[in-house]
Amino acid sequence: ISLFRISRLYDRIMESAEAVDRLYFLSLEESDIVNMENGLKPKSLRGEIEFKGVDFSYKGSKLKALDNVNLKIQSDCVTALVGPSGGGKTTVVRMIYRHYDSTKGQILLDGKDIKEYDIQGFRKFMAIVPQDVEIFSASIRDNICYAKPNATFQEIQAAARIANAEEFIAQLEKGYDTMTGERGIKLSGGQRQRIGIARAVLANPKILIFDEATSNLDSQSERLIQDAMDKITKNRTVILIAHRLSTIRKADKIIVLEKGKVIESGSHHELAKSDGGLYQKLLRLQEMGDVD
């Protein structure tokens, strides 16, 4: 029996060694993003974003993910980014977060080059609700207050109410103390999204990004999340990335991206009337049910 245990222990050590190696080499990696010493740490932001002639390519790719992009995202407005897959929508958001730096051009935040800011200094004013919200194996309460660890229960409840999450939380036997399971396995896709929105509400960001927040959801969940999104867009700069054009009709401005370039921009009504435009084409395809 002892020899069997030793052999099993050896197997586990060898399995773990691979993971340790990966972590070790990861720790040696140096970030391509250089955080400026004594960078700006703003006490508040208006939330105005502008891209000026921005080019960007991912490592190992000859194609430009962004090609001479010029766009402006107004503060306190809802701006939607739409277009075919691979058009550059998510890349634009990554540039705003400064996950990458542009190879050419400038990105301005409140009129200042984003590289002049301390990274954490401006990121604390931002929040993102991704397509797949990261849920931890913890209680619903802990998952929501991840955005603000010192939040009171009343604040957590208020955020859940705005996100239309309290409706399903109240039906659970242990309510806010319900354990979600690994990666939120005990929750549906719509419930995970609403927890993600509650988390974003609690963070109270000036710039709020929804990255395909309603994709892969049934129509009822989409309506609940759309309603939650409508509630929290006031007095914030909101950026929506969407394939379903039904979610962005109310946006103040729609920017259409294709192959890394800005093809069109305007309101839903303006773009829907633009004969031969890409937005009009996508709109017709969705109405016919040819695309999601």
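Helix 7 buries G190, Q191, Q193, R194, I195, G196, I197, A198, R199, A200, V201 and L202. That is 12 of its 15 residues, so the helix is largely enclosed by the rest of the structure. The model is a predicted one. Strand 3 is also mostly covered, with 5 of its 5 residues buried. The largest pocket has a volume of about 370 Å³, and helix 7 is one of the elements that give two or more residues to its lining.

**Helix 7**
- Helix 7 covers residues 189–203.
- At 1.5 Å a residue, its 15 residues should span 21 Å. The end C-alpha atoms are 21 Å apart, which agrees.
- An α-helix has 3.6 residues a turn, so residues three or four places apart point the same way.
- Just after helix 7, N204 takes a positive phi of about 50°.

**Largest pocket**
- The volume of the largest pocket is about 370 Å³.
- The pocket is lined by 17 residues, and the closest to its centre are Y97, A127, I128, Y146 and R199.
- Strand 6 (126–129) and helix 7 are the elements that give two or more residues to this lining.
- R199, among the residues closest to the pocket centre, is also one of the buried residues of helix 7.

- Strand 3 runs over residues 78–82.
- In a regular strand the side chains alternate between the two faces of the sheet.
- Both faces of strand 3 are covered. V78, A80 and V82 are buried on one side, T79 and L81 on the other.
- Strand 8 (residues 237–241) pairs with strand 3 in the parallel sense over 4 bridges. Here V78 stands opposite V238.
- Strand 9 (residues 253–258) also pairs with strand 3 in the parallel sense, over 4 bridges. V256 of strand 9 is the bridge partner of V82.

- D110 has a phi near 55°, a positive value in a residue other than glycine.
- D110 sits in the loop between strand 4 (104–109) and strand 5 (112–113).
- Its relative accessible area is 12%, which is under the 20% limit, so D110 counts as buried.
- N204, likewise not glycine, has a positive phi near 50°.
- N204 lies in the loop between helix 7 and strand 7 (207–211).
- With a relative accessible area of 54%, over the 50% limit, N204 counts as exposed.

Methods: Residues numbered from 1 in each chain as written. Predicted model: local features only at pLDDT ≥ 70, side-chain atom pairs only at ≥ 80, totals over all residues. Heavy atoms only, no water. Expected span 1.5 Å × (residues − 1). Buried < 20%, exposed > 50% of the residue type's maximum accessible area, 1.4 Å probe, protein only. 1 Å grid on protein atoms, 1.4 Å probe; cavity = no way out; pocket = protein on both sides within 12 Å on 5 of 7 lines; lining within 4 Å. Points joined across faces, edges and corners; volume = space filled by probe spheres on them. Pairing = 2+ DSSP bridges.
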